[in-house]
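Keep the viewer open as you read.

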Amino acid sequence: MNRKHLEVKRINAGHTDPAHIHDLLEQENTGWNMIDTVNWPEYPYKPDVRFRMAHNGKAIMLEYEVNEKTSKAEYGKDNGKVWTDSCVEFFTGIGGDGIYYNLEANCIGTVLLGMGPQREGRERAEEETTSLIGRHSTLGKETFAERETGLWRLSLHIPVEAFCKHRIADLSGITAGANFYKCGDGLSRPHFLSWNPINAAKPDFHRPDFFGTIQFL
């Protein structure tokens with residue numbers, strides 16, 4: 001299987017306010033990557049979705065840009081069913097030991113963070129961990145029912161402490177399995193897009209066997 005590979009640039013930036021990540025990545029000429037694989041033809045709707053990321057050794061700066069007909073954000077508290085909202089996701093086995101993290105965020109920045117070696121029995125991060133993840137959405141922070149939206153952006157500042165099952169001193173030099181997704185299980189047009197293709201019979205993002213790779217420079 002062909003696995004996509006992404007090199008994640010190290011940038012000289014301290015702790016960055018999530019509201020400034022878009023401008024920072026623009027200044028650094030950080031390239032975009034498409035989340036555009038429709039793995040299951042019974043769900044053909046494909047909004048325009050792309051992401052880009054950089055790091056400073058101690059944190060990942062991740063930005064998603066989504067252009068979709070409608071969005072919804074009914075979950076405003078972390079670790080809720082954000083995948084039923086307009087949701088973007090980053091899964092990574094950054095520790096290299098079989099445990100992978102699923103970081104899922106709806107379009108207003110409400111996050112879910114899970115960890116474990118497989119889909120079943122996953123552990124959810126405590127609030128003290130999810131609260132470390134900075135977020136900024138162009139749609140604001142308030143929940144809303146499904147409505148027309150168009151283009152929106154979500155920026156995440158993910159410190160290494162968020163990967164709470166591992167001790168990561170510096171991201172530079174780490175190569176990890178990863179995939180990036182866009183979904184909306186509870187939308188009027190449900191969809192399941194991925195960066196790296198998934199060869200499975202039905203929608204399933206918990207497939208580390210279909211991760212691409214990311215290399216932190």
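The paragraphs below look at the nonpolar cores, a histidine in a strand, and then the salt bridges.

Please bear in mind that this is a predicted model. In soluble globular proteins, nonpolar side chains tend to be buried together. Here the largest nonpolar core has 42 residues, and the members that touch the most others are Leu62, Phe90, Ile158 and Phe180.

Now move to His157, which belongs to strand S11, spanning residues 144-159. Is His157 buried or exposed? Its relative accessibility is 4%, and because the cut-off for buried is under 20%, His157 counts as buried. Beyond its neighbours within four places in sequence, His157 contacts His15, Thr16, Pro18 and Ile21, then Ala59, Ile60 and Met61, and also Leu132, Ile133 and Gly134.

Charged groups come next. Side chains of opposite charge can pair when their charged atoms come close. The structure holds 13 salt bridges. One of them joins Arg119 to Asp204, with the closest N and O atoms 2.7 Å apart. Arg119 sits in the loop between strands S8 and S9, and Asp204 in the loop between strands S13 and S14, so this pair ties together parts that are 85 residues apart in sequence.

Lys165 is in the loop between S11 and S12, while Glu123 is in strand S9, so the bridge ties together parts 42 residues apart in sequence. Lys165 counts as partly exposed, with a relative accessibility of 42%, and Glu123 is partly exposed too, at 38%.

For another example, look at Asp209 and Arg207, whose side chains meet at 2.8 Å, N to O. Asp209 is partly exposed at 36% relative accessibility, and Arg207 is partly exposed at 22%.

Finally, salt bridges can be traced through a network here: Glu26, Arg52 and Glu63 are linked in this way.

Conventions: Residues are numbered from 1 along each chain as its sequence is written. This is a predicted model: local features need pLDDT of at least 70, side-chain atom pairs count only at pLDDT 80 or more; totals for chains, interfaces and linings use all residues. Side-chain values use heavy atoms; hydrogens and water are left out. A nonpolar core is a set of buried Ala, Val, Leu, Ile, Met, Phe, Trp, Tyr and Cys residues joined through side-chain atoms within 4.5 Å. Buried means under 20% relative accessible area, exposed over 50%, partly exposed in between (1.4 Å probe, protein chains only). Helices (H or I, at least four residues) and strands (E, at least two) are DSSP runs, numbered from the N terminus. Contact means heavy atoms within 4.5 Å. A salt bridge is a side-chain nitrogen of Lys or Arg within 4 Å of a carboxyl oxygen of Asp or Glu.
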